[in-house]
Amino acid sequence: MAKVSASILACDQMRIGEQIVAAEKAGVDFLHVDIMDGVYVENLTFGPQTVRDIKRISNLPVSVHLELLHPERYLSMFSEVGADILTFQLDACNNPIHFLKEIKKTGMKAGVGIGPAYGVENLKYLLHYIDWLILMSVEPGYGGQTFEPSVYEKLNRTLELMEETGYRVPISVDGGVNDEIGRELVAAGADVLIAGSYIFKNDDFSGAIGRLKRL
Ligand code: DX5
Ligand code: ZN
């Protein structure tokens, strides 16, 4: 069975708390919070206050996805508010091994995200430093984009690299995921399905979450 991470970017921002509670009741495994800076991507989204407030109303692990430049600057901000997993985009960080070690020192799990235009080959040198991996199947920046099938090839290669190195960490896929695509992703080896629009743009959150969880 797949684990499901609900991306709150697709929530109705005026009803975000109640929608998070509904997603938790429906059985999601993680909450995914995209932090965008208007520089690395055009969009602007949430900040540490969002994470702090989520932790007051939900017991779910909060997975923070930094889609911004200079991710190192935001480490203490997110560890102080209780983020459980901190993922940064590999191409936005000059010294990823150093930063991964710094994240772990705070007690958070450390993750890297790889955009659809970038390869996974560098994971060979990173797998033993990471706890979490996000393969992005859309360009960072917006919810509701079309899924890029090139992620399947990257999933395969990532599994090979994990086999070769002996380090297996959960593989998440982020962007454009629905139940049909989710089924293929799970068959291809994905462990966590990150979904925003498919869950929160559906009137029946619980049905959508249930369909993903059963994959
Ligand atoms: C894109 C974000 C994704 C996004 C997924 O920048 O990283 O997490 O919210 O949304 P959907 O599922 O709508 O593609
Ligand atoms: Zn994301």
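Why is helix α8 (residues 205–213) largely enclosed by the rest of the structure? Keep that in mind while we get set up.

**Before you click.** This is a predicted model, where local features need pLDDT of at least 70, side-chain atom pairs count only at pLDDT 80 or more, and totals for chains, interfaces and linings use all residues. Residues are numbered from 1 along each chain as its sequence is written, chains are lettered from A and ligands numbered from 1 in the order in which they are written, and side-chain values use heavy atoms, with hydrogens and water left out.

**Stop 1: the whole chain.** Switch to cartoon and you'll find 8 helices and 8 strands; these are DSSP runs (helices H or I, at least four residues; strands E, at least two), numbered from the N terminus. Along the principal axes, the C-alpha atoms fill a box of roughly 40 × 35 × 30 Å. Of the 215 residues, 53% are buried (under 20% relative accessible area; exposed is over 50%, partly exposed in between; 1.4 Å probe, protein chains only).

**Stop 2: helix α8.** Select 205–213. Back to the opening question: 7 of the 9 residues are buried, so the helix is largely enclosed. Pick out Phe205, Gly207, Ala208, Ile209, Gly210, Leu212 and Lys213, the buried ones. What do they pack against? Show β1 (3–7), α1 (16–25), α6 (179–187), β8 (192–195) and α7 (197–200); contact here means heavy atoms within 4.5 Å.

**Stop 3: His32.** Jump to strand β2 (residues 30–36), where His32 sits. Buried or exposed? His32 has 0% relative accessibility, so it counts as buried. Leaving aside residues up to four places away in sequence, His32 touches Ser5, Ala6, Ser7, Ile8, Ser63, His65, Ile134, Asp174 and Ile194. Zoom in on His65: its side chain makes a polar contact with the side chain of His32 at 3.2 Å (a pair of N or O atoms within 3.5 Å; within protein, one must be able to donate a hydrogen and the other to accept it, and residues adjacent in sequence count only if both atoms are side-chain atoms).

**Stop 4: His70.** Check the backbone: phi of His70 is near 55°, a positive value in a residue other than glycine. His70 is partly exposed, with a relative accessible area of 38%.
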